[in-house]
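User: Hi! Could you walk me through this one? I'd like to start with a strand and then move on to the ligand.

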Amino acid sequence: MTLRTASAIANPNIAFIKYWGNRDAALRLPSNGSISLTIGGLETYTSVTFDESLSSDHIAIDGQPASASASERVSLHLDRIRLVAGIETYATVESRNNFPVGAGLASSASAFAALSLAGISAAGLSLQPAELSRLARRGSGSACRSIFGGFVEWYASETDEGSYAESFAAPDYWDLQDLIVILSGEHKGVGSTQGHALADTSPLQSARVADAQRRLKECRRAILDRDFFSLASIIELDCNLMHAVMHTSTPPLMYWYPETLQIMTAVSKWREEGHEVCYTIDAGPNVHCICTSKHADTIEERLHHLPGVVKVLRAHPGDSARVVPSI
Ligand code: PMV
């Protein structure tokens, strides 16, 4: 009996310029390019063991057997890895997160980045980072960005070959912090895969996509110049554009809670007072408050006084996905 095993850790990421909607859903080619910050401190650890004695894949997430739909999605991704490796062996996959999954904290990004790297390594292969990013993209679009550390851009492209991510500034380039305000750890109702499919039903999506190049350029520039207030404006605009598309899709998607809006309003007020902080929100109610480290203590303290705040996770720019010893 031959066992081949490898483990990897990947961090989630928070999009500053969002991916919402696909030009090709099967290939997960996005309607627009996106920029994110990889989030250090939050981690998915995944180990993959190809085992010739198995007659199907066995998948566990956070110590529990995965649901039928999660197992199917992971097995489909293992098929992509098996195709690259030229093997047919089934695998045991064990994945653990140190943060709540499915609550808009991009757990699918770290999950499919870690699965891609652990799977490829367990199959005895090593891929160039861009190739690994393309593979991760097929599992979950935003996962292609979690292959890299620091500040990352995913190129939209019309082809499978051209659609991958790259880091354009290292984690220590700018000492930003992400204060993640948890309003609910509950699993969200509509996952992002279903959400992407609704994007084109909104009359606002074409305008959002048409203006994406300008926002990407402005976001890249603000990061490279460490220009916080410009970054804040473009991040909040991009977040509001994506949620406007969600709110005007058929059927509409509403991820916000009343408390989400209260935090957004408070953050805008604190910035007017001179604090370096802005908000962004993925497909869930939780709010990511992006701030410079010198303002983080004050902002964190204030966040705890707002209604509905269950906890605040503090994260910093994170590293690229990496192979680690199995535990
Ligand atoms: O990678 P997915 O299918 O989970 O989509 C991610 C969608 C957002 O988190 C809302 C935006 C983004 O760019 O990460």
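Predicted model: local features only at pLDDT ≥ 70, side-chain atom pairs only at ≥ 80, totals over all residues.

User: Why is S14 largely enclosed by the rest of the structure?
Analyst: Because 6 of the 6 residues in this strand, which spans residues 287-292, are buried, with buried meaning under 20% relative accessible area.

User: And which strands pair with S14?
Analyst: S12 (residues 176-182) pairs with S14 in the antiparallel sense over 6 bridges, and Leu-179 has Cys-289 as its bridge partner there. S13 (residues 277-280) is also antiparallel to S14, over 4 bridges, with Val-277 opposite Cys-291.

User: What joins S13 to S14?
Analyst: A hairpin, running through 6 residues.

User: Switching to the ligand: which residues come nearest?
Analyst: Tyr-19, Ser-142, Arg-145, Ser-192 and His-196, out of 14 residues around the ligand.

User: Which polar side-chain atoms lie within reach of its oxygen atoms?
Analyst: Arg-145 has one 2.7 Å from a ligand oxygen, and Ser-192 has one at 2.7 Å from a ligand oxygen. For Asp-282 the distance to a ligand oxygen is 3.4 Å. The protein covers 95% of the 380 Å² of accessible area that the ligand has on its own.

User: What's the shell made of, by class?
Analyst: It has 5 nonpolar, 6 polar and 3 charged residues. Domain 1 (2-172) and domain 2 (173-317) each supply at least three residues to the shell.

Notes. Residues numbered from 1 in each chain as written. Heavy atoms only, no water. Buried < 20%, exposed > 50% of the residue type's maximum accessible area, 1.4 Å probe, protein only. Helix = DSSP H or I, 4+ residues; strand = E, 2+ residues; numbered from the N terminus. Pairing = 2+ DSSP bridges. Near = heavy atom within 4 Å. Polar contact = N/O pair within 3.5 Å; in protein donor to acceptor, adjacent residues only side chain to side chain. Areas by Shrake-Rupley, 256 points an atom, 1.4 Å probe, with all protein chains shown as cover. Nonpolar A, V, L, I, M, F, W, Y, C, P; charged D, E, K, R; others polar. Domains from an automatic or database assignment.
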